[in-house]
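Dear colleague,

Please find below the structure I promised to pass on, followed by my notes on what turned up in it.

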Amino acid sequence: MAVDYVVVGAGSSGAVIASRLSEDPKVSVTLIEAGGRDWSPMIHVPAGSGELIRKGSFGWKYNTQGEPGLDMRSLFWPRGKVLGGSSSINGQVYVRGHPSDFDIWAQRGNRGWSFDEVLHYFKKSEGHLERDDDLHGLTGPLKITRGSMPNPLFEAFVRAGEQAGFSGTDDFNGPQQEGFGRFDFTSANGRRQSTAEAFLRPARKRPNLRVVTDAHVTGVEIENGRAVGVIARTRGKAQRFEAAREVILAAGVIGSPHLLLLSGIGPAEQLRAHGVTVAADLPGVGRNLQDHVQIPFMYGCSQPITLHQLIRLDRAALGMLQAMMLKSGPFSQFPVQGGAFTRSRPELEVPDTQWHFGIGLGVRRVRLPFARRAGPLDRDGYMLAPCLLRPESRGTIALASSDPQDNPLIHANYLSEDNDRAFFRRTFRQARALALQPAFDPYREVELLPGPDVQTEDEVDDFVRQNLSTCHHQVGTCKMGPEPDAVVDDRLRVKGVGGLRVADASIMPTIVGGNTNAAAIMIGEKAADLTKAG
């Protein structure tokens with residue numbers, strides 16, 4: 001039986017779209033998710049994010065191809081495969097991006113996407129529990145709180161930024177993004193606020209919304225130039241889901257272009273090479289891939305005040321139990337709370353650097369009581385990481401084969417542009433200068449990483465190639481715009497195919513200057529209104 005709308009992907013955007021469309025009792029919506037329910041306590045306890053990302057639990061477990069700019073290393077990309085998508089496994093940092101990011105989208109010919117026009121959608125989602133001003137929403141379903149984990153290292157980080165000549169800021173989503181402060185988070189009362197929790201859970205009570213889990217969509221059905229439904233594999237069998245009005249792809253920056261390619265929508269030459277019948281020759285599908293990347297700086301801490309004290313088996317078990325049962329304690333918040341936005345060059349108009357500061361070294365094991373130290377990083381310490389906000393390097397998503405079970409080929413092309421490499425040379429020096437500020441004197445011991453031996457420009461370049469990592473902010477592979485290589489128009493309609501939209505982070509023409517989850521939720525809100533308008 002046909003429904004009005006079939007939404008593919010229950011992630012940061014898709015769950016929002018399905019929730020908003022189903023508010024109208026006159027329409028019917030089917031939401032299809034390849035993953036399962038968000039049942040794990042590790043999802044809902046904020047501190048569980050690190051483990052979920054590292055192990056790929058509830059994720060697609062993608063890997064890039066060997067990256068020439070990273071000494072042919074392949075990076076792990078654990079995109080969410082569960083209700084809530086990546087909003088169920090991310091670090092919960094709530095940053096919208098710089099207002100100019102959206103103005104640039106509008107200036108490139110995307111009507112309705114300036115900051116003043118999308119602010120309404122950010123506020124519509126937001127139910128901030130601690131901020132009350134014109135830039136924030138108070139009544140939205142997505143509960144937002146300020147980072148408040150008590151630890152003197154966070155205060156030292158902010159003071160160090162000010163001692164280094166930077167300003168402080170109280171709100172990265174406020175009048176001034178630039179400066180040092182604490183992040184806001186999509187968590188409240190000791191629980192993660194994924195889009196599954198905030199939007200989908202209340203919406204599932206509606207009789208006009210059907211949520212199908214563990215269903216891997218393998219292609220979009222196109223008849224006479226129009227999308228009429230999708231085919232999905234559920235429990236080993238193919239099942240057809242028919243859409244009377246529209247199919248909306250919200251499968252993410254990898255999943256959405258992959259589905260388009262499998263359905264014959266993309267570069268004709270690539271499709272024919274894999275035996276896929278061409279439905280629409282759109283050369284931009286899978287191109288324009290962008291990502292935020294960072295490098296780590298790790299320092300030993302002279303006082304026992306870091307997460308190292310909590311990752312002993314007995315203490316970790318008690319901490320997790322406290323977070324799960326009482327919604328309190330250190331595991332009820334995400335431990336990377338210190339943040340900053342700065343300019344790596346004074347002549348820049350907007351920040352090009354985001355800093356993450358955490359009170360641990362990211363050790364990947366829970367140690368036994370009285371166990372020997374496993375290595376130089378198995379100790380009290382803190383980490384700061386400068387992140388490249390405005391990369392010039394561009395990558396691609398491409399078919400590996402016409403088999404939907406085969407992951408696509410991911411070429412991120414990290415550091416393929418000179419300016420990206422020059423950025424890390426500048427911020428390398430800035431990071432060291434920041435770490436040596438007097439505010440850290442009571443806590444700082446030895447520099448563990450990169451280590452004092454890394455000094456020359458060649459040594460810095462080597463360290464960056466060998467240690468650069470993703471911030472998990474991939475966007476752009478179904479670009480919105482009027483250009484010939486754009487995939488969707490400013491109403492998110494796929495060019496050359498009727499009844500088909502893409503609505504997730506893949507439509508971003510350029511990456512926003514900050515974490516991408518908030519912007520993906522905004523895209524879902526706006527996409528729902530665009531869909532209702534036809």
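**The sheet around strand 5**

Strand 5 and strand 6 (residues 142-146) run parallel and are joined by three bridges, where strands (E, at least two residues) and helices (H or I, at least four) are DSSP runs numbered from the N terminus, and two strands pair if DSSP finds at least two bridges between them. The model is a predicted one, in which local features need pLDDT of at least 70 and side-chain atom pairs count only at pLDDT 80 or more, while totals for chains, interfaces and linings use all residues. Residues are numbered from 1 along each chain as its sequence is written, and side-chain values use heavy atoms, with hydrogens and water left out.

Within this pairing, Gly127 lies opposite Lys143 of strand 6. The open sheet has three strands in the order 5-6-8, with mixed pairing; strand 5 (126-128) and strand 8 (184-185) each have a single partner strand, so one side of each is left without a neighbour in the sheet.

**Two helices in contact**

The axes of helix 11 (residues 418-435) and helix 12 (residues 457-467) come within 10 Å and cross at roughly 105 degrees, the axes being lines fitted to C-alpha atoms over the stretch in contact, with angles from 0 to 180 degrees between N-to-C directions. The two helices, helix 11 and helix 12, are therefore roughly perpendicular to each other (65 to 115 degrees). Phe424, Arg425 and Phe428 of helix 11 meet Glu457, Val460, Asp461, Phe463 and Val464 of helix 12, contact meaning heavy atoms within 4.5 Å.

Methods:
Parallel < 35°, antiparallel > 145°, perpendicular 65-115°, else oblique.
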